[in-house]
Amino acid sequence: MDGPANSPRTIILLGPPGAGKGTQAKKLVERYGLVQLSTGDLLRAAVKAGTDAGRAADKVMKEGGLVSDEIVIAIVNDRLDAPDVAAGVIFDGFPRTTAQASALDDLLVRKGIALHAAILLEVDDAAMVERISGRFTCAACGEGYHDSFKPLQTPGVCDACGGMEFARRADDTAETVAGRLQAYHAETAPLVAHYDAQGALARVDAMGDIKRITSDLIDVMEATRAPA
Ligand code: AP5
């Protein structure tokens with residue numbers, strides 16, 4: 001779990017849909033200046049752009065399944081070639097299968113990037129449906145909110161940018177969430193053992209207060225610093 005003292009950190013956030021990967025990744029980006037690499041966001045951008053990969057991903061995402069390893073690994077490979085990743089990366093929603101985890105191991109070695117920690121956000125499935133069904137984001141700046149857990153301070157106005165348009169994700173329905181949770185337990189949960197075997201796994205209790213969870217994640221981040 002260590003690396004050179006001043007090297008940019010590479011972190012994986014593991015956890016089911018609604019665990020708070022996106023919410024917490026943004027906090028760590030603000031604090032550490034890392035790049036958030038969310039395969040969900042990259043796939044949604046590909047769908048919007050109407051690329052071949054986006055067209056293939058669209059139907060699968062609407063059904064709550066997993067997009068093919070081939071498409072996702074190619075997207076991540078391309079993204080890791082961009083110069084900004086030199087600042088360090090937080091993987092959010094990747095890897096999600098053992099094939100993706102093996103591909104990432106190889107990619108990191110090839111690109112000379114060290115993995116500092118894979119952090120599992122531990123949550124109860126039952127709470128995830130409620131979290132996901134209340135979620136919305138600012139259409140202008142992407143700031144995330146929740147009807148009950150993180151409401152707007154002024155109704156109808158984004159706290160972060162003052163935007164007044166908001167969006168809800170097409171796959172945030174009760175039926176789709178059930179499929180996404182099922183895919184998580186079948187395909188992604190086995191990655192906990194993969195990273196445990198590498199000595200890279202850390203666990204954070206991700207039920208409860210968002211600020212407390214961020215603070216626990218910062219403790220893990222600080223523990224990944226190698227002694228000077
Ligand atoms: P993706 O976009 O990655 O979605 P996900 O993993 O299902 O995760 P979510 O974004 O739903 O949840 P999150 O953990 O980020 O939680 P958030 O912080 O938003 O993937 C979407 C789809 O793309 C997949 O289903 C798949 O089809 C495809 N895909 C993506 N990556 C892929 C890959 N690698 N391989 C194959 N297919 C892939 O929080 C949720 C809500 O809860 C928010 O409203 C937030 O405000 C609130 N909240 C957060 N923390 C708390 C808390 N502590 N208490 C109360 N509320 C909280």
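Analyst: Let's take helix α1. Its buried residues pack against β1 (10–14), β2 (35–38), β3 (89–92), β4 (117–122) and α9 (210–223), where contact means heavy atoms within 4.5 Å. This is a predicted model, in which local features need pLDDT of at least 70 and side-chain atom pairs pLDDT 80 or more, while totals for chains, interfaces and linings use all residues. Residues count from 1 along each chain as its sequence is written, and side-chain values use heavy atoms, without hydrogens or water. Helices (H or I, at least four residues) and strands (E, at least two) are DSSP runs numbered from the N terminus.

Now to α1 itself. The helix covers residues 21–32, 12 residues in total, and reaches 16 Å from its first C-alpha to its last, close to the expected 16 Å (1.5 Å times one less than the number of residues). Its buried residues (under 20% relative accessible area; exposed is over 50%, partly exposed in between, with a 1.4 Å probe and protein chains only) are Lys 21, Gln 24, Ala 25, Leu 28 and Tyr 32. Looking down the axis of α1, you find these buried residues within an arc of 105°, so they line one face of the helix; the arc uses directions from the axis to the C-beta atoms. An α-helix has 3.6 residues a turn, so residues three or four places apart point the same way. Just after α1 comes Gly 33, with a positive phi of about 70°.

The 14 residues of α9 should span 20 Å at 1.5 Å a residue, which agrees with the 20 Å between its end C-alpha atoms.

That leaves β4, a mostly covered strand with 5 of its 6 residues buried. β4 pairs with β1 in the parallel sense over 4 bridges (pairing needs at least two DSSP bridges). Strand β8 (residues 201–205) runs parallel to β4 and is joined to it by 5 bridges.
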